[in-house]
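Welcome, and please take a look at the model below.

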Amino acid sequence: MRWAVPSLRLTRALPVLLLGACVSPPVPASDSPSPATTSASASPVRLVVFITVDQLRTDYLTEKYTAQLTGGLGRLVRGGAFFVNGVHDHATTETAPGHASTLSGRFPRSTGIVRNNVGVNTPDAPMIGGGGLGASPARFRGTTLVDWLVARDARTKVLSVSRKDRAAILPIGRSRQPVYWYATDGRFTTSSWYADTLPTWVRRFNDRRLPQRTAGRTWSLLLPENAYPERDSVPAENRGSNVVFPHQHPADSATAAGLLPNYPAMDEITLDLALEGITALGLGRGPQTDVLAIGLSATDAVGHAFGPDSREIHDQVVRVDRMLATFFDSLYALRDSARIIVALTADHGVAPIAELHFGSTAAGTTSLDTLVARYRQTLSARGVDSTALDFEPGMLFANREALSRAGLGPDSVLRAFAADARRVPRVMRADAMTDLARADTVRDTIARRWLHSIPGDLNVGVVITLDPYVYWGAGLYATHGTPHDYDARVPVIFYGREFSAGRFDTPARVVDMAPTLAAVLGVTPLERLDGRVLTRAIKAR
């Protein structure tokens, strides 16, 4: 008999054996070289600048636009330790899980941040002054590099800024440090988790009304038109609207501020806020090591709308390169460059728009809605509440207790669902989590990445992986969120005198970045990590 069901959430934990099923089990940072625990003067580094460029694919830096990157990205690529096979080794390649892994050194199974819709948003921590959903790191588990530094020296100063709340919050975890993100009304703000009011320096920055002053501005090509090989008029881009350069910002100032996240200028203003914060908070003056985390989100907005092969994303990446050049020059004018280290990565990659890759949207999309509805009806007939199974793209949640009370074997139901899901066109594989626990996670990359994604107390019964480049649902814009390499591969770069400049082909995971920084800074992580120190990045002392 076939079973079919979908749609709710958690109830009971999966067997704990899943926690030990991954190829790279949690290891203490001391398993790679051990970061020494010493006084605050152990490291000459006074400032760590950690930059996450949302949706920045590695091939933008290694293949597509390399020769044109003459600014900040080019400086990092050519002068830093650049791991060209960097990867997010987890399956749920979304913004929240990616950012939660950057400075924690841990996979989503460890941070508890598995997907965007249960990332940071909560009404329990309203935004100061309104302008959007409340947000906090309440769901984040464990610690980050920030906590390790503060534990060593309470004088450590921290600032995290981004357009997105989750991109500002999750890199530094639960630490109640200065964290600011962009509200829909054109202000940078924070939530009640962090403060009751905005500090004077942020209010003054908002009073400059930089977002509103973009009204009527034109986003034109930065380089001569012949520097862009991509076609400019592609109807499948941006859902068929406004697909040709130049792109005009709205004329109304309030509308322009609200839509600013869709334009390159969003990143420019975010970097301006970061520089303002360095001065206002005194970051990098020492003697302690401070942290500045920056999330640049406009590449994600442009990539979603126009896709990774568009003229728009080409121009956006070149603009980020030039913006970072200005930022680094300004930063090094404020602080001694010899005492600053920079790390850069991305929270995920992206796939092309389905219509452009497959020739039609229908050929590049699929759904399990019919299968889920059939399972729900079958369960209802057996007296099981339909909410016992809940489906979100890629994951089927199961209430094992409810299934057992109805005399059904939960594992049998879940394996039957997986078998039926595999018969759906464009489904590559469907795995019961209990079966994945026995997978060869050295050779089976997809199994490993799913196991790295799911905490043991999250009732995910089945995970579904689509064929490469296939989307759930409509597929009208470019997106991400799969265990495939095009979503998982991201740059991993370290820059500063502590690092060996060069291009490294050895595999590197984003979870390896925090333990590597900890080793350089001589600070000890406060818990076991999933990542290991990338020793090739560090200069011999």
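## The largest pocket

Strand β15 provides three residues, the largest share of the lining of the largest pocket. Helices (H or I, at least four residues) and strands (E, at least two) are DSSP runs, numbered from the N terminus. A pocket is an open set of points on a 1 Å grid over the protein atoms alone, where a 1.4 Å probe fits, with protein on both sides within 12 Å along at least five of seven lines; lining residues have an atom within 4 Å of a point.

The space in this pocket is about 730 Å³, a volume being the space filled by probe spheres set on the points. Its lining has 36 residues, and Glu94, Pro393, Thr479, His480 and Gly481 are the closest to the centre.

## About the model

This is a predicted model, with residues numbered from 1 along each chain as its sequence is written. Local features need pLDDT of at least 70, side-chain atom pairs count only at pLDDT 80 or more, and totals for chains, interfaces and linings use all residues, while side-chain values use heavy atoms, leaving out hydrogens and water.

## The nine-stranded sheet

Nine strands form an open sheet with mixed pairing, in the order β6-β5-β4-β9-β1-β10-β17-β2-β18; strands pair if DSSP finds at least two bridges between them. Both β6 (188-189) and β18 (502-504) stand at the edges with a single partner strand, so one side of each lacks a neighbour in the sheet.

Five bridges join β4 (residues 158-162) to β9 (residues 290-296) in the parallel sense. Ser162 has Gly295 in β9 as its bridge partner.

## Thr190

Thr190 sits in the loop between β6 and α7 (200-207).
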